[in-house]
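Me: I have a model open and want to learn how to read its features. Can you take me through it step by step?

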Amino acid sequence: MHRPAMDVLPILRRSLVVALAVSLTACPRPTRTPPGGGTTGEDVPTGDPFPTRPTVEAKKDAAADAALAQTVRTARAEPDKKKAAEAFLAVRKAYPATTAGQDALYQAGVLFFESKDFVNARKSFNELLFENPLHPQAEEAKHKLALSAMEVGAYRDAYQTLSSLAERAEGAERTRLQAEAARAAEGAGLYGQALTLAVEDAGRAQGAEAQAAAVARVEELVEGRADFVDIARVAEGLSPANPAWPVITFKLARVYYHLRDWSRLEETLNRFLAEAPGHAFAPQARELLARATRRVEAKPRTVGVLLPMTGRYQPIGEAVLRGIQLGLEGSNIELVVKDTQGDVNKTGQAMEQLAFDDGAIAVLGPLLADDTKRAALVAEELQVPLLTMARQEGITDMGPYVFRNMLTNSAQATAIADYAMNVKGYKRFALLYPNIPYGVELADTFWDEVVSRGGVVRGAERYAHDQTTFTNEAKKLVGRYYLEDRGDYVGGVRDIQGENLDAYRRRKALEKVKAGVEPIVDFDAIFMPDDWRRVSLVAPALAVEDIVTNACDPRDLERIRKTTGKKELKTVTLFGANQWSSPKGRSGLPELVERGGKFVTCSVYVDGFFVDSQRPATRRFVKDYREAYKQETGKDPGLLEAIGYDSGRMLRQLIDQKQGAPRTRAEMREALANLKDFDGATGRTSFNEKREAVKPLFLLSIDNKGITEINVEKEKAASARGGSGT
């Protein structure tokens, strides 16, 4: 049973932005035009753009009539129509308040029009109609006025006049005026009005050729110009007998598809196919109807993948796909991979294909932020579970069908703050970070975590992303940069000034005072969220300013005590994030350790995966990956491969359940939301209420032998006993 046609506009209006709909569908109110063209700005509350009674009472005058008759005779012999028009204007000027003067004004307008001087033609007709809208030639004057307005680009004025004339005309004259009004409306950008007139024209067209031309005009307006609401308004009450009905109705169906209004889409397409089964659009209508039907037909063992398999991001797409394929190896799950090419539009199209054409019960990916936003929007519209691997914060806020399994900046900051404060007992921190989104976001989030846990940040310094020397930043952290603010330095300088020293001795004395300024190390740790290459440059700069970072090496501490003569040393721990992870160098040690040496030992950083972890699930993954891909790639797996592996195995675990395996996308969404304690290569994972993967991250410690994973539970127990452990 079809819904009444009157339902179309209210439903569509609710689906669109109300303000936009109003602005696009509102007809302009008519305005009164004074003599000489232009508008007065005064609205006239009537459908006719001219007053309904004369403004000037014209009188018969014998002298004026004689002058007009003489001008008519001479005008016939004048080849220059503009000169003839000027002669009529002279009569008008001489006898302004007479009927002859008004007739002369009309004749001048006609001659200007015929000579294509549309500006003066418009001026003459405007003046005449303003004075006497009931003039005997008023209708013809209005018509020529409207055509002149179109020629000078005043399309709104032209449309207003022509539509008013068409309402009162009949037969062929009405058809002609409506066609001209449609042209004016289109020129004015009033595409809704132009579409209405074009559809009416199609309904009146006689003969196949005329009908085809009229329908083509409707199709041109529908495809490129008319707004959704314009189309819905025209469709409302339109008879299927009108040749334009199939064009309007099929476009309306496509509007419903765009709005994801599936019930009205199916209803409109079914009516279209019932009324116009042989129309040229019928095959497209059948495909669209089949596509809409397939949207709810998920294949329980089909999983979609959205990854950049070509282009600049191809390597990361291939890495994730290797992990996914390894995770599904040996199962009969069908994997449908779509190449996004790192292109937002292609991602959206691919997501629709996976939902409509491939019947995927869930989709893995994408990786990139913008791609994920587009995929998430489509996933929500089509209600397809999406397990993305993008890092962007807040992506799951886009809706209940969007999940994320990826290491985020907030998760890293939380893990470091928790370990530093709850395990190591630190309360005071400094921040040293690059002025790039990664560094700023991590620093800000870590700062918030510290404060929320009762800690304090004593100092924060940032530097340019391509900086290679960090002396000034290190000095600022320990109060050695702005020496004029240090009382011990100012006192030392004052003492030197009181002595009678030559320039050389004075300079040497000042250098000694500077060197003697003690660093103010009022923090327990420094958080440095940067790439391992830069960390290996920053750490030595800290040591130059007497910031002792290798606190876990007793021999090194003893050497520092002897060198400095200080029995009590204030030590600081460096903390970092996942970009501290570095490839192995020539010695077999990570390059961070090779380059940073003793200055980075005893530091701790966090990552979402550690290839040398002793966690059983991680070891199994690394072993299987090496057997499958090490010969092909020549490399061990990293975070991307591990995340892909875990994401694929999560879906596999749910799909392979002997009882309660999800058969629909809604059931898959519920199953993912309730997934708890999945034991994966990246940790034991559950999804929280925001559908974010929650798992214990890998806390990694640096020593001169390389990188080792910290056993956090063992350290907590040792800390509780008053000891230490790793």
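The dialogue below goes through helices, strands, a loop residue and aromatic rings.

Me: What kind of model is this, and how are residues numbered?

Reply: This is a predicted model, where local features need pLDDT of at least 70, side-chain atom pairs count only at pLDDT 80 or more, and totals for chains, interfaces and linings use all residues. Residues are numbered from 1 along each chain as its sequence is written, and side-chain values use heavy atoms, with hydrogens and water left out.

Me: How do I read a helix, and what span does α24 have?

Reply: Helices (H or I, at least four residues) and strands (E, at least two) are DSSP runs, numbered from the N terminus. The expected span of a helix is 1.5 Å times one less than its number of residues. Helix α24 covers residues 532-544, 13 residues in total. From first C-alpha to last it reaches 19 Å, close to the 18 Å expected.

Me: Which residues of α24 are buried?

Reply: Buried means under 20% relative accessible area, exposed over 50%, partly exposed in between (1.4 Å probe, protein chains only). An α-helix has 3.6 residues a turn, so residues three or four places apart point the same way. In α24 the buried residues are W532, R534, V535, S536, V538, A539, A541 and L542. Their cover includes strands β6 (428-434), β7 (456-463), β8 (525-527) and β9 (573-576). It also includes helices α21 (471-477) and α26 (591-596).

Me: What happens at the two ends of α24?

Reply: At the N-terminal end, D531 is the cap. One of its side-chain oxygens lies 2.9 Å from the backbone nitrogen of R533. Just after the helix, D546 takes a positive phi of about 65 degrees.

Me: Now a loop residue. Where is S613, and what does its side chain reach?

Reply: S613 is found in the loop between β10 (604-607) and α27 (616-633). A polar contact is a pair of N or O atoms within 3.5 Å; within protein, one must be able to donate a hydrogen and the other to accept it, and residues adjacent in sequence count only if both atoms are side-chain atoms. The S613 side chain reaches the backbone nitrogen of R615 at 3.1 Å. It also makes a polar contact with the side chain of E709, at 2.7 Å.

Me: Is S613 buried or exposed?

Reply: S613 is buried, because its relative accessible area is 3%. Contact means heavy atoms within 4.5 Å. Not counting residues up to four places away in sequence, S613 touches T618, R619, F698 and E709.

Me: How do I read strand pairing, and which strands does β14 pair with?

Reply: Two strands pair if DSSP finds at least two bridges between them. Strand β14 (residues 698-703) pairs with β10 in the antiparallel sense over 4 bridges, and V606 stands opposite L699 there. Another 4 bridges join β14 to β15 (residues 706-709), also antiparallel. A hairpin of 2 residues links β14 to β15, and D703 has G706 as its bridge partner. Of the 6 residues in β14, 5 are buried.

Me: Which strands run parallel to β3?

Reply: β1 (residues 299-307) is joined to β3 by 4 bridges, running parallel, with G304 opposite V363. β4 (residues 386-388) pairs with β3 in the parallel sense over 2 bridges, with V363 opposite L386. In β3 (residues 360-364), 5 of the 5 residues are buried, so this strand is largely enclosed by the rest of the structure.

Me: How do I read an aromatic pair, and how many are there?

Reply: A pair of aromatic rings is described by the distance of the centres and the angle of the planes. Rings of Phe, Tyr and Trp (its six-membered ring) pair if their centres lie within 6.5 Å; planes under 30 degrees apart count as stacked, over 60 as edge-to-face and the rest as tilted. The structure holds 21 such pairs. One of them, F429 with F446, is edge-to-face, at 5.5 Å centre to centre and 85 degrees between the planes. F429 is in strand β6 and F446 in helix α20 (residues 437-452), 17 residues apart. F429 counts as buried at 0% relative accessibility, and F446 counts as buried at 0% too. Elsewhere, ring pairs link F609, F621, Y625, Y629, Y645 and F698 into a cluster.
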